[in-house]
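Open the model in your viewer and keep the selection panel at hand. Follow the stops in order.

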Protein chains: 4
Amino acid sequence: MGRLYPEGIHAVLASALGQYPELQIRTATLAEPEHGLSTEVLADTDVLTWWGHAAHNDVDDAVAAGVQARVIAGMGLVVLHSGHLSKPFTRLMGTSCHLSWREAGERERVWVINPGHPIAQGIDRFIELENSECYGEPFGIPAPDEQVFISWFEGGEVFRSGNCWVRGSGRIFYFSPGHESYPIYHHPLIQRVIYNAIHWARPQGIAAGVPRHVPVEQAREKIVPRGLKVHDAAGSLR
Amino acid sequence: MGRLYPEGIHAVLASALGQYPELQIRTATLAEPEHGLSTEVLADTDVLTWWGHAAHNDVDDAVAAGVQARVIAGMGLVVLHSGHLSKPFTRLMGTSCHLSWREAGERERVWVINPGHPIAQGIDRFIELENSECYGEPFGIPAPDEQVFISWFEGGEVFRSGNCWVRGSGRIFYFSPGHESYPIYHHPLIQRVIYNAIHWARPQGIAAGVPRHVPVEQAREKIVPRGLKVHDAAGSLR
Amino acid sequence: MGRLYPEGIHAVLASALGQYPELQIRTATLAEPEHGLSTEVLADTDVLTWWGHAAHNDVDDAVAAGVQARVIAGMGLVVLHSGHLSKPFTRLMGTSCHLSWREAGERERVWVINPGHPIAQGIDRFIELENSECYGEPFGIPAPDEQVFISWFEGGEVFRSGNCWVRGSGRIFYFSPGHESYPIYHHPLIQRVIYNAIHWARPQGIAAGVPRHVPVEQAREKIVPRGLKVHDAAGSLR
Amino acid sequence: MGRLYPEGIHAVLASALGQYPELQIRTATLAEPEHGLSTEVLADTDVLTWWGHAAHNDVDDAVAAGVQARVIAGMGLVVLHSGHLSKPFTRLMGTSCHLSWREAGERERVWVINPGHPIAQGIDRFIELENSECYGEPFGIPAPDEQVFISWFEGGEVFRSGNCWVRGSGRIFYFSPGHESYPIYHHPLIQRVIYNAIHWARPQGIAAGVPRHVPVEQAREKIVPRGLKVHDAAGSLR
């Protein structure tokens, strides 16, 4: 990752987030078996952050499906920058996740549009990034459940840069600032947003149990079965 | 499909919807090549209705991906009853789409919770179905963009039975009443809802073009490139 | 309104929209009795557009309440520019509707973020306005039900400039471009957006009837009343 | 309030919530000056719970406006049962908040539709209330930002019984179970939901400052003012 991230973006973020004593940080990279994201590791993870760029297609479909399933079961997911085209994110969104983009080192101003949101804590009205990659609308995502940030770019674009979704029992935050050719992940306010997002995304409730056939005798109200049936009493197709 | 739908559910719906002169109806079934849903057919379709039950896994992944892509490009999709676990629907939702269920021929009352919505036109306060399959919460879907119906079941459950989403430039409506062992698709008000949904789901705007690299000289504001680059001038990774 | 709108902004919009034969246009102004918005006029109006600036407090509370009630019953409402602080809009939103602003004749670029939305029909990727009043985030509105446009401003701000809500059976669109000191309402694409919004906002379904006491004998399921009561059989408090 | 709530519903809730050491509970009632909700008290309140029934019109408009303003500034609001027609709630919603209802002591089953939501913590799949007042759809509210509970009623209705909104920097939860003629507020799971809601609704971020004129020289990007003006340099109308 060159001179800005000699040990990788994950190492910079792990170091920054490691200053918070309530967080236990582990890292996982593409080269590891199952990309370091075995079922056991995922089951033991509250919030997963994800950054990727050129190698999205090298991510194993089974691992991507495992991340998706774990989010639905309650794990938080924080997707960074070019992770918008990662397999776990596009599977969870169901849409193209395409966007416009330009790499010109231009100025980005990340505006807080929702100052009451926990992910905006500690940020005043905006974050200014002197050099950033431009991401522009339209961004091919489902309408966010909550919008926290919208970015302004020097070259004339706008972008929904901080977006929240709930999928199943899991919370997802996408945050667009960051690129391997700028020191954005060294910026304390960017680190603060990611920290806030990790707290926001941690599991809140319980997962829905699946699948759930409810036999007649377990119905909460007394009913008498009637009509044709294509299933037997246990719920299997005849 | 037995005595209620001797020629299939699709034939009953095609006949009912065929009474509306502004609609041009075609049908496609699992047994046809590409399930009758070639790229050409999809490109020429404004709104696709989808019913399926036991054979979801027999649907070709490429066809499901084609339907998903066409919805994102603007085609409407109306998903019926057990289609909640169909490949196109689960790909677009990104979640489990699981639910509770019971086949007991019990009474269902489909309540209009949004009388101002176009899909509720012509329905008074509810539709009563004397025999229905119970679908119950929690339903593993993303929060609907608009909620039109919620159902009451004799055995004690509730269910979000009429839900709208926008994905890309396409509109999706899921409507749960309907089962192969009840005459629900012969009910004039159920047919009316499906008719309304087809009108609501027809393409409204245009699809977002993809992908979109915006070279520096095409930026709307004059900018001078600066900083490191991982892409060349045409947008390819170096 | 000076040289740009010698007969008022309403006259320019009425003339522009009058070119569409399917629309019947009437105008109403502050100086008229009941501001031209009697109960009869409102009852006979499908979609109301609203522009106001310095005289918000001169609008009669009863008229504002009448507009609010009519929207809830199904009338569409298209609120323009400084109408964000009008009484009907703030009553319907329930929030401050405050924003940041600056009058410097700077450039605004109104980006389409939702190309599949009917209000974006006929607009390519953006509308450029060489001179505009800057409105900036945070904008004190409830999260829009649908977001159509986000604006970029030369001075560094962003703004959610085209927002949809449903309230009761009525549809509301807020569109921020426009000011009495710029020719924005003469711009054909701005007129097109307002035209699209009027079509989008027209009544779609029916209003919910109110109030609705449901006596025991009218319950859809047979029930036997039990327990204490604070109401009599007709629903009045004892 | 009769034999179920000899000291008032507020006393039962204060006692139940008082068992949690992290909560500091105070009560306020209609008969007190300013209903016990002076500006100072509101400013010192993180979350306000509100129950009212027959006396909504006796609530002072200024106090209702004060509650609304404080919610927008970040205070949480938990509205209970017949509080759906209270002045603070209807002002914040902007809609009729009307519903169907019937007092017959019938069974209500409050279903968790969002098991991952923090307000559902500690509730299994539903809460059963043997005697409840029926509230039925359509409920005249803006679409909730999050839906947590939907209720089933013995007499055949459904109702969105647990709904979340964000307004300004404040969080609002409406929870319908509860009536002065049933012991619902003595039910430990109902108390648990209210406890969860108080935690969910506590202030999360900061309020947006208002109003905000941004003079040209304070714009983040250097701009040269041009065009006509209706405001002077300080932002006042000429």
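**Before you start**

This is a predicted model: local features need pLDDT of at least 70, side-chain atom pairs count only at pLDDT 80 or more, and totals for chains, interfaces and linings use all residues. Residues are numbered from 1 along each chain as its sequence is written, chains are lettered from A and ligands numbered from 1 in the order in which they are written, and side-chain values use heavy atoms, with hydrogens and water left out.

**Stop 1**

Helices (H or I, at least four residues) and strands (E, at least two) are DSSP runs, numbered from the N terminus. Trace chain A along the sequence: the pattern is α-α-β-α-β-α-β-β-β-β-β-α-β. Now look at the overall extent. The C-alpha trace of chain A spans about 70 × 35 × 35 Å along its principal axes.

**Stop 1: chain A with chain B**

How many residues of chain A are in contact with chain B? The count is 58, and they touch 58 residues of chain B. Contact means heavy atoms within 4.5 Å. Together chain A and chain B bury about 4700 Å², with 57% of that on carbon and sulfur atoms. Buried area is the accessible area (1.4 Å probe) that two parts lose on being put together, summed over both.

Next, look for charged pairs. The rule finds four salt bridges across the interface of chain A and chain B. A salt bridge here is a side-chain nitrogen of Lys or Arg within 4 Å of a carboxyl oxygen of Asp or Glu. Select Glu154(A) and Arg226(B): they form a salt bridge, and their closest N and O atoms are 3.4 Å apart.

Now for symmetry. Two copies of a chain are related by a rotation about an axis and a shift along it.

**Stop 2: chain D with chain B**

The buried area is about 1500 Å², and carbon and sulfur atoms give 64% of it.

**Stop 3: two helices in chain B**

Select residues 9-17 (helix α1) and 188-201 (helix α5) of chain B. Their axes come within 10 Å and cross at roughly 75°. The axes are lines fitted to C-alpha atoms over the stretch in contact, with angles from 0 to 180 degrees between N-to-C directions. Show the side chains: Leu13(B), Ala16(B) and Leu17(B) in α1(B) meet Gln191(B), Ile194(B), Tyr195(B) and Ile198(B) in α5(B).

**Stop 5**

Go to Glu137(B) and Pro138(B), which are joined by a cis peptide bond with omega about 0°. Pro138(B) sits in the loop between β4 (126-136) and β5 (146-153) of chain B. Finish at Cys97(A), which is not a glycine but has a positive phi of about 60°. Cys97(A) lies in the loop between α4 (87-93) and β3 (100-112) of chain A.
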